[in-house]
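Please open the model in your viewer and keep the selection tool at hand. We will go from stop to stop, and at each one you will be told what to select and what is there.

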Amino acid sequence: MSHLLSYLIFIPFVGALVALLIPANRINFFKQLTLGVSIIQLILLVLILSAYKINAGVQLAENIPWITLQLGSWGSLHAEYFVAIDGLSLPMVALSVVIMAIAVISSWNIEKNHKGYFTLLLILNGAIIGSFCALDFLLFYVFFEFMLLPMYFLIGIWGGPRREYASIKFFLYTLLGSIFILIVLVASYLSIKDPATSNEVVHTLNVLHMQNPDNIIPGSLLDVDTEDQYGPYSFRMWAFLLLFIGFAIKLPAVPLHTWLPDAHVEAPTAISVILAALLLKFGGYGLLRFAYPIFPDGAIEFAWMVGFVGVLSIIYGALNALASKDLKRLIAYSSVSHMGFVLLGVASATAEGAGGAVYQMFSHGIISAMLFLIAGVLYDRTHDRLIANYSGLASKMKSYTAFVLIAFFASMGLPGFAGFIGEVLVFFGAFQSHAINGLIPIWMPIVATSGLLLGAGYFLWTIQRMFYGPYSIRIHVPELTDINSREYIMLLPLAVAALLFGILPQLLMKYINPFASEWVEELFKHASFFNP
Amino acid sequence: MNDQLQDIYQSMQWLMPELLLTSAILITLFVGLFVTKNKHILLKSISLFVYAAALVLVALQEIDNPVSLFGNMLRADDFSNYFKILFLTGGFLTVWISQEQKEKNSTEYFILIQAVVTGSCLLVMSMNFIMVVLSIELISLSSYMLSGFGFDKKSAEGSLKYFLFGTVATACMIYGMSLLYSLSGTLDYSSETFLKNLLENTTPLLLVGGILTLAGFLFKISAVPFHLWAPDVYEATPTPIVAFFAVVPKLAGLAIITRFTLAINLFGQSGFNWQLIIAVIAAMSILVGNLSALAQQNPKRLLAFSSVAQSGFMLLGIVSFSTEGIHFTMFYAAVFLLMNFLVFIALNQIESAWGAHLIPAFAGTGKIFLIPALTMLVGLIALTGLPPTAGFTAKLLIFSSLWAGYEQSGSLILLFVFIVGLLNTVISLFFYLKIPYYQFIKEKKRDATGLRISFAENLLTILLAIALFYLFLHPDGLMRWINRISFVL
């Protein structure tokens, strides 16, 4: 039982290998295999949850040496296969397992090339969970990059009419972000030594070691006493900025978000779900796991910028959503807006703000998945997503409308839904920050509240335009049918989760809270090391 | 007299692999003259056997300290043996994938490949400018002829172009060497006299001589601005030969550049900034190679520009002038051999089965030739430098060496090439994905009955792909071997 996380990560890869060896005409086998993998993962998730001890920090760790390279006069490089979970990664891993299972069900009606599709889906599954569990920077980076290629093909082969443009744009944007991260990775590991070895310098990429300022080699570029300046900033500041840009592209934050609407509009439903619910989370996750703890001085120096980009994303994303004519594009921009709250929460560097950011990532994962599934349900029936083409759908598709209302209200942040808890916590943190640590000015959360109003605006307006009024649709399709049982199976658990985590936030907060308070404490402790 | 004979006799023992290759050339020639039936298969088997045997001979040589041969004309050391193994593997793979030649030409075909490999082996051992020129000419003259092996107008044009550019480059190189000779008074560039005299004579002539000599070497690795021949020659030459050109002469050039720049840099005491010169050439190669590749429609021209950029990346390892940097370049060289051959072999399979020559014509081949297309994807991803392939590890190490060099010396040029190199990964992704994009994403219906590539033919590409994954997961083994290579000039 000590290898639970490895099982969780590698079972999909084994599944992919099996899928490769099976002849392509056995369509049902691929579906069942992928679903089977997801079911095993759900069982493993239950085991992980029962083995997880609250308030015990990083646990279920597996640590095996991976690469040990002698670098001659510079000591040696030591990278580990180091996976573990804590209060930050546990919600993300749980979310990934659930969303991947739903994505498989949503892929049931894929029309072509099943073998390729499900193989790529399995690879993506393993890579996502691997990145969330990795506590070695190199290992994280490898899994992180490994997500891009399956995603590129999943959008490029099974996507909509402009899929080719969208997939390469997605790939190039996110690769650019990864390169910024790689620059910091290469530049920083040579400045960090493993505390366990004393006589020889062992450079480590273990994140826990990288976070501890005691492990920085004196006189190296990461050292606080290094006087080298590059333009206006020291190297540490630049490293933080590069990491921030790298993860902000993934988040995505305005103005680096332009790949997202294209990718979402063209991607097939299941891939949109994964993209919105899981891949975007790496933006927030990366900041919380790498950028902030490794460069706390940069985090404090640039808190205003992170907060500002967050507020900008909230407002700009919401305004764009308001102007969108395509339902999927609207949802994509609403994602930009909601992920802005994550930035605002992280920037506040308070326990509430950081916890709220994690909660917001989790709830956005559930709600955005639901939103994209809803868009997919309609698209499957009509092959059209223009909002203006529909009206009065409520009279034809009653259950569908019910789910749409739940999803929209949850996404608006209505009390009683999961989205509310995340946003309220973020606001608590952001308003407090002014008084506690003075990192972000009070006007930022005030302006951000208008994002909530705009959110209500575009969602309610969409409901009014599409679902109320007399029934008419402006495209030729056979009679619209209400959702079928497969779609129920996908939507119902998500709707329940959106409510459950809105009413009983303690279910999740008990995992997040210890992490968030320790995170903030460490952040300021380490920051004081650099700015005494 | 007796001492000299003794020296020659003892040197011969170290030269067994090269002697074997040379005798193989003679054997191939005679067999080609007298055998008429199944000539291709027979000659191919002889070639394969010779490369394998030479590999064993090289691997068996135990060299604790560098051995000086023939009055320091050549030197046998770990460094040269490492590269020889790469050349012989390259030759083996090239012959393995070579299709049947026209009956009357097959003898020359194998002989010329053997000559290039022999020349490359001698080049990495050369310590004397005379030997350098002879080896480079052995490589070049054979290459000029090999590039004409398509036997059509285009091939003839490519071959002639290669010849004209090549002779000018060689002329420059010899002129440069003569200038260096006039300054140092010796042709042995590893000798103390060479270093001492050049340290005393810091004249601009030294810079001119060094650059002209480098020009000849850079031509071999098709680095900017000596890359113009590459796309035309690659386009016109049969694919197995292109794969060969892109690896063996290039790595030979890389090895001699490594030795020569270390010599001319005079342990960092040279009055001229050789680091800057190599760094600029490397950065230019990466930029020009990548940007030119973006516009290509022919897969071989695309790969020609890609190989220009890859030369730049390999030069980056030398730029830091550290032992580690050179070790990482050697690691990169081995990975480059694997990934480049993988891409070309898969390309060759698809091209010959499908009859397509432009990238858009590859539309839909991903489904028909799944395994070649997938393995080619692995190779291209490795060339881009993405995990989980050894291409990533190789680039990571090269960039580490640049960063460490920068941290130690504070030289901004290292920081500059570090950033240029990394950002170019994004550009290169765009064109490396072009072929898979047409193979997998673009759709085209075409009757593909009867078009199959057998498992046996796919085995080689699968093995190469697995090697790339393996070196990603466990680079330790190869690096430990490379780390043992002591590098003394």
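How many residues of chain B are in contact with chain A, and how many of chain A with chain B? Colour the two chains separately, bearing in mind that this is a predicted model, and select the places where they meet: 41 residues of chain B are in contact with 42 residues of chain A. Between them the two chains bury about 3800 Å², and 76% of that area is on carbon and sulfur atoms.

Next, select Glu164(A) and Lys442(B), which form a salt bridge whose closest N and O atoms are 3.7 Å apart. The count between chain B and chain A is one salt bridge, while six residue pairs across this interface are in polar contact. Now hide chain A and look at the side of chain B that touches it, to which several helices each supply at least two residues, among them helix 14 (323-354), helix 16 (370-384) and helix 20 (455-473) of chain B. Helix 17 of chain B gives the largest share of that side, with eleven residues. Sorted by class, this side of chain B has 29 nonpolar, six polar and six charged residues.

Bring chain A back and select residues 259-266, which make up helix 10 of chain A. Are the residues of this helix buried or exposed? Eight of the eight are buried, so helix 10 of chain A is largely enclosed by the rest of the structure. The buried residues include Trp259(A) and Pro261(A), and also Asp262(A), His264(A) and Glu266(A). To see what surrounds them, show the helices of chain A against which they pack, including helix 6 (148-158), helix 7 (163-189), helix 9 (235-250) and helix 16 (351-382).

Step back from helix 10 into the loop between helix 9 and helix 10 of chain A, where you will find Pro252(A) and also Pro255(A). The peptide bond from Leu251(A) to Pro252(A) is cis, with omega near -10°, and a cis peptide bond also joins Val254(A) and Pro255(A), with omega about 5°. These are worth a careful look, because most peptide bonds are trans.

Now select Ser89(A), which has its place in helix 3 (residues 89-106) of chain A. Ser89(A) is buried, with a relative accessible area of 0%. Which side chains does the side chain of Ser89(A) meet in polar contacts? One is the side chain of Asp86(A), at 3.0 Å, and another is the side chain of Arg289(A), at 3.3 Å. If you leave aside neighbours within four places in sequence, Ser89(A) is in contact with Ala84(A), Phe132(A), Tyr285(A) and Arg289(A).

Turn to chain B and select Asn38(B), in the loop between helix 2 (16-34) and helix 3 (39-60) of chain B. Asn38(B) has a positive phi of about 50° although it is not a glycine, and Asn38(B) is exposed, with a relative accessible area of 60%. Then select Asn72(B), in the loop between strand 1 (67-69) and strand 2 (74-76) of chain B, where phi is again positive, at about 60°, although Asn72(B) is not a glycine. Asn72(B) counts as buried because its relative accessibility is 15%, and buried means under 20%.

For the last stop, select the cysteines, including Cys133(A), which is buried with a relative accessible area of 0%, and Cys121(B), which is buried with a relative accessible area of 1%. A search of the whole structure finds zero disulfides over all chains.

Key:
Residues are numbered from 1 along each chain as its sequence is written. Chains are lettered from A and ligands numbered from 1 in the order in which they are written. This is a predicted model: local features need pLDDT of at least 70, side-chain atom pairs count only at pLDDT 80 or more; totals for chains, interfaces and linings use all residues. Side-chain values use heavy atoms; hydrogens and water are left out. Contact means heavy atoms within 4.5 Å. Buried area is the accessible area (1.4 Å probe) that two parts lose on being put together, summed over both. A salt bridge is a side-chain nitrogen of Lys or Arg within 4 Å of a carboxyl oxygen of Asp or Glu. A polar contact is a pair of N or O atoms within 3.5 Å; within protein, one must be able to donate a hydrogen and the other to accept it, and residues adjacent in sequence count only if both atoms are side-chain atoms. Helices (H or I, at least four residues) and strands (E, at least two) are DSSP runs, numbered from the N terminus. Ala, Val, Leu, Ile, Met, Phe, Trp, Tyr, Cys and Pro count as nonpolar, Asp, Glu, Lys and Arg as charged, and the others, Gly among them, as polar. A disulfide is a pair of cysteine sulfur atoms within 2.5 Å. Buried means under 20% relative accessible area, exposed over 50%, partly exposed in between (1.4 Å probe, protein chains only).
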